[in-house]
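Thanks for passing this one over.

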Amino acid sequence: MDGGDDGNLVIKKRFVSEAELDERRKRRQEEWEKVQKPEDPEECPEEVYDPRSLYERLQEQKDRKQQEYEEQFKFKNMERDP
């Protein structure tokens with residue numbers, strides 16, 4: 001089970017060294033160069049860091065979907081005046 005899976009490694013420890021970050025950036029840059037289009041920038045775009053907890057992010061998605069759902073049916077529920 002402990003076969004060098006980076007996803008589990010990040011969960012197990014909270015400290016990430018600068019060398020590990022550099023290695024991840026290099027891998028992302030190499031992957032970017034494989035799929036890069038001529039109109040794309042040379043540098044790989046940085047990952048967006050979201051400091052919120054998973055619960056907060058999921059709650060925001062849920063609230064947004066609920067709001068879209070309510071907006072969709074808002075006009076259907078309105079009565080027409082003769």
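My comments follow as numbered points, from the overall fold down to single side chains.

1. Ground rules. This is a predicted model, with local features needing pLDDT of at least 70 and side-chain atom pairs counting only at pLDDT 80 or more, while totals for chains, interfaces and linings use all residues. Numbering starts from 1 along each chain as its sequence is written, and side-chain values use heavy atoms, with hydrogens and water left out.

2. Overall layout. The chain has three helices and zero strands, so the order from the N terminus is α-α-α. Helices here are DSSP runs of H or I with at least four residues, strands are runs of E with at least two, and both are numbered from the N terminus.

3. Surface. The chain exposes about 8,500 Å², and carbon and sulfur atoms supply 52% of that. The areas come from the Shrake-Rupley method with a 1.4 Å probe; for residues, only the protein chains shown count as cover.

4. Searching the whole structure turns up five salt bridges, each defined as a side-chain nitrogen of Lys or Arg within 4 Å of a carboxyl oxygen of Asp or Glu. Which residues does the network link? It joins E18, D22 and R25. The closest N and O atoms are 3.6 Å apart for E18 and R25, and 3.0 Å apart for D22 and R25. D22 and R25 both sit in helix 2, three residues apart, or about one turn of the helix. R25 is partly exposed at 38% relative accessible area, and D22 is also partly exposed, at 32%.

5. R52 and E60. R52 lies in the loop between helix 2 and helix 3, and its side chain meets that of E60 in a salt bridge (2.5 Å, N to O). R52 counts as partly exposed at 31%, and E60 is partly exposed at 33%. Setting aside neighbours within four places in sequence, R52 is in contact with R57 and E60; contact means heavy atoms within 4.5 Å.

6. The acidic patch. E30, E31, E33, E42, E43 and E46 gather in a patch of negative charge on the surface. Patch members have over 30% relative accessible area and no salt bridge, with like charges joined within 9 Å and nonpolar side chains (Val, Leu, Ile, Met, Phe, Trp, Tyr) within 5 Å. Asp and Glu count as negative, Lys and Arg as positive, and His and the chain ends are not counted. Each charge is placed at NZ of Lys, CZ of Arg, CG of Asp or CD of Glu.

7. E42 is in the loop between helix 2 (18-35) and helix 3 (54-74). Is E42 buried or exposed? It is exposed, with a relative accessible area of 61%. Q29, by contrast, is found in helix 2 and is buried, with a relative accessible area of 17%. Not counting residues up to four places away in sequence, Q29 touches E42, E43 and C44.

How values were computed: Buried < 20%, exposed > 50% of the residue type's maximum accessible area, 1.4 Å probe, protein only.
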